[in-house]
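Please have a look at the model first.

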Amino acid sequence: MPVSLEARVRGLLACALALLAPGIHAATPQPAAASALETREVRAQLAPRRYTTLAAEIGAKINRLPLPEGAAFKQGQMLVQFDCVLQQAQLAKAEAMLMAANTAWHGNQRLADLNSVGKVELDVSKADVLRAQAEVSANRALIGKCQIAAPFPGRIAEQKAREQQYVQPGQPLLEILDDSQLELEFIVPSRWLAWVRNGTTFEVNIDETGKTYPAKVQRIGARVDPVSQSVKLNAVIDGHFSELAAGMSGKVMMAPPQR
């Protein structure tokens, strides 16, 4: 029996719908997946408030390093003592030259009052005094570098030189840090800026101690990373805990407020 025109049309429409079905399903919008930064664990590391490397400013032998690694110190306390016998001798020589120049200048002044010396000779003797004074000042400044005092209170993190070792100018001697307040630095999604503020409180679980500690945000990064849509936060441990040390790390326990 011949197939009717209506049946042929229905067959063609069925075939066309079957071919278009995968494309229709693919175009159906799906719910947006959470970003990797939203779902991953936020990690932070403890860092000292201030830290620096102390270096030698003169070439000399180290006489004393009074504090061992890990020891605490106060601001202004001596941390390094150099052997400066040579520098002290150079200062004594400069002071003797200054004394001689002063004597010659004062003598020439008295002679000038009697018109027994020329102005040129008087001016030269005055210049000798100024040169000798500069030499004394330079040697005193050098003597001042025979000790290194602590620029801030803290602890010795690492000794890079030993007693009786001769060091060159610029050679690192000590790494020091101020751990009176430990800071945290970590990365969070930039959309958190809608509720994170300076002073926002949270907790951090430190791996090494297994304990949770209070913290608060103290600085928010100046710019957002447009690629990862993240921003850097700087926080501080709220309180002093003797078991904590710089370099420890842990998990930041911070979450957006419930709507």
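The notes below cover the disulfide, some of the salt bridges and a surface patch.

This is a predicted model, in which local features need pLDDT of at least 70, side-chain atom pairs count only at pLDDT 80 or more, and totals for chains, interfaces and linings use all residues. Residues are numbered from 1 along each chain as its sequence is written, and side-chain values use heavy atoms, with hydrogens and water left out.

Let us begin with the cysteines. A disulfide is counted when a pair of cysteine sulfur atoms lies within 2.5 Å, and the count here comes to 1. Cys84 is joined to Cys146, with an S to S distance of 1.8 Å. Cys84 sits in the loop between strand 4 (78–83) and helix 3 (85–113), and Cys146 in the loop between helix 4 and strand 5, so the bond ties together parts that are 62 residues apart in sequence. Helices (H or I, at least four residues) and strands (E, at least two) are DSSP runs, numbered from the N terminus. The S-S torsion is about -110°, which means that the disulfide is left-handed. Are these cysteines buried or exposed? Cys84 is buried at 5% relative accessibility, and Cys146 is buried at 4%. Buried means under 20% relative accessible area, exposed over 50%, and partly exposed in between (1.4 Å probe, protein chains only).

Next come the charged pairs. A salt bridge is a side-chain nitrogen of Lys or Arg within 4 Å of a carboxyl oxygen of Asp or Glu, and the whole structure holds 11 of them. The table lists some.

| Pair | N to O distance |
|---|---|
| Glu41 and Arg43 | 3.2 Å |
| Glu57 and Lys145 | 2.9 Å |
| Lys160 and Glu158 | 3.8 Å |

The bridge of Glu57 with Lys145 links distant parts of the chain, 88 residues apart: Glu57 is in the loop between strand 1 (43–55) and strand 2 (60–64), and Lys145 in the loop between helix 4 (119–144) and strand 5 (147–149). Glu57 is exposed at 52%, whereas Lys145 is partly exposed at 31%. Glu41, Arg43 and Asp207 are linked in a salt-bridge network.

Finally, where is there a nonpolar patch? Leu193, Ile220 and Val224 form one on the surface, with about 190 Å² of accessible area together. Val224 belongs to the loop between strand 10 (211–220) and strand 11 (230–237), and is partly exposed at 37%. Patches are made of residues with over 30% relative accessible area and no salt bridge, joining like charges within 9 Å and nonpolar side chains (Val, Leu, Ile, Met, Phe, Trp, Tyr) within 5 Å. Accessible areas come from the Shrake-Rupley method with a 1.4 Å probe; for residues, only the protein chains shown count as cover.
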